[in-house]
Amino acid sequence: MIGLLAAVASRHLRARRRQSIVSLLGIVLGVSFFLSISAMMQGSENDFIRRLVDNSPHITIVDEFRNPTVQPARQAYPGGAVEIRHVKPETETRGIRGYAQILQYLRTLPGLRASAVLAGQALVSFAGKDRAITLNGVVAAEYATVSTIDNYMVAGSLADLIANPNGIIIGDEIARVMSLSLSRNVTVAGTAGKTRVFKIVGLFHTGRASVDTGQAFVALKRVQALLDRPNRANSILIKLDDPDLARSVAAVIERHIGYKTISWQEQSEDLMSALLLRRIIMYAVVGAVLVVAAFGIYNVISTVVMEKQRDIAILKSMGFHARDVERIFVLQGALMGLLGDLFGLALGSGLMVLLGRLRFRLPGSTDLTSLAIDWGWPQFALAAGVAMAASVFAALLPARRAARVEPVDVLRGGA
C-alpha cells in the first residue's frame, strides 16, 4: 500500500515539474547552507575550546583567598555592633605559603599533574635596548606536564633549563626585535631592584604576539631570588586527565587548602555563555533558511490539492480512506525533503571543503590560519533532520485539507 501511495505522490510532483524543481532547489540550498555554516561555527567553537583547554591549565591555584579574612573582633563578637577602623594588614611577602606541601597533597589525587610557578614583571636589557616582560619561574620537569610550551619551541627545549639553571627561554619575536639569538647573554632586572645575567637556551613561537614578545621562562629558584620572594610561588597550575572534572576537583582542592582555586570553566564562564548565545543565533538564522524553503513545498502541494480535487474524490470513491489521501500528500513533502537532503548534503560537503581550504591572517597573529570545520556526523544529521521536518510539516496542512475532500460534492459538481 505504501508503494502505491508513493507512486501517486511521485506522479503528482512530476505533474508540476517546474514548480517542484524550484521548491527542491530551495531545500537543497537550505540544507547546504545549514550544513556548511553550522559545521564552520561548531568547528570554530570546538577549536576555541580545544585551544582553551589544551593551552591553559585546567585548574589554577592563586595566592589569594576567595573571601576576605574575618576581623578578630567580628569573630569574638559575631552579630555585635563592633567596628574597627584604620586597620592596616601586616606587610608580608606575597605568594602561596607552603606550596611544596600543597604539591605533595595534589600528587596524592588521581589523574592530576601540578606545577608551581612564580610570575613577576622584569626588564630585559641587551645592547642598550630594554623590554618589559613577564618572567615565569618554573621547575622545568614539572612544568612540562602542565604546559604545551614545548610544542612551540623552535630552538632548544624546556629541559635545557635543567641542564643550565642560569638559562632563559624567550619568544622568537622579542629575540628578533632585540637582535638576540641562541646562546646570547641578557641582563634581567626584577622589581625588587636586583639584576641577573641569563643565557638564552631556547626560543619559542606560539603565533600570539602578546606571548612571543612578553613571556620568558627561567628556573624557579632564580626568579625567587631575583624578585626577592624566597620559597614562594604565586600560582600552581594543574592539568587533569579529564578536563570536564575541573570544576568539581577545584572545589575539593579549595576546601582542603583554603587558597582560591579556579577551574577553566569558572575562568571562562563569560566566554562559554557567549558561545552558547552565538550557537543559538546561528541555528536560528540557518534554520530560517529551511523554513523559507519549506514554504515552496507548501505552495506546490497546496496547488496540487486544488488541482487534483477530482482525482482525490475518485480515489476516495475507489476505497481510499482519508488517512490514505493524507499520506499521499505527506509523502510528497517527505520525497522533496529526502531529495533535498541527498543533494543538499553533497553540496554542503563541497562548501565545507572549500571553506576548509581558505587561508587568512588574524589580527595580532603572524601566522596564516584556516577555518576549523566540524565533520562530525551530528552536523549532517541535524541538517538532514531539520530539512525533513520542515518539508513534512509544510506538506501536512494541505494534506489534511485533501483528506477532508468529500467525493460526493466534487463528483456531483463535476457532473
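Let's start in the middle: the largest nonpolar core has 48 residues, and the ones touching the most other members are Ile 61, Leu 106, Leu 135, Ile 168, Ile 236 and Ile 238. A nonpolar core here is a set of buried Ala, Val, Leu, Ile, Met, Phe, Trp, Tyr and Cys residues joined through side-chain atoms within 4.5 Å, with buried meaning under 20% relative accessible area, exposed over 50%, and partly exposed in between (1.4 Å probe, protein chains only). Strand β2 (residues 112–126) gives this core its largest share, seven residues. There's also a second, separate core of 28 residues, with Ile 297, Ala 390, Ala 394 and Ala 399 among them.

Keep in mind that this is a predicted model, where local features need pLDDT of at least 70 and side-chain atom pairs count only at pLDDT 80 or more, while totals for chains, interfaces and linings use all residues. Residues are numbered from 1 along each chain as its sequence is written, and side-chain values use heavy atoms, leaving out hydrogens and water.

Back to Leu 106: skipping neighbours within four places in sequence, its contacts (heavy atoms within 4.5 Å) are Ile 61, Leu 112, Ala 114, Ile 236, Ile 238 and Ile 253.

Strand β8 (residues 215–219) has the highest confidence, at 94, and helix α16 (residues 407–414) the lowest, at a mean of 58.

Methods: Helices (H or I, at least four residues) and strands (E, at least two) are DSSP runs, numbered from the N terminus. pLDDT is the predictor's confidence in each residue, from 0 to 100.
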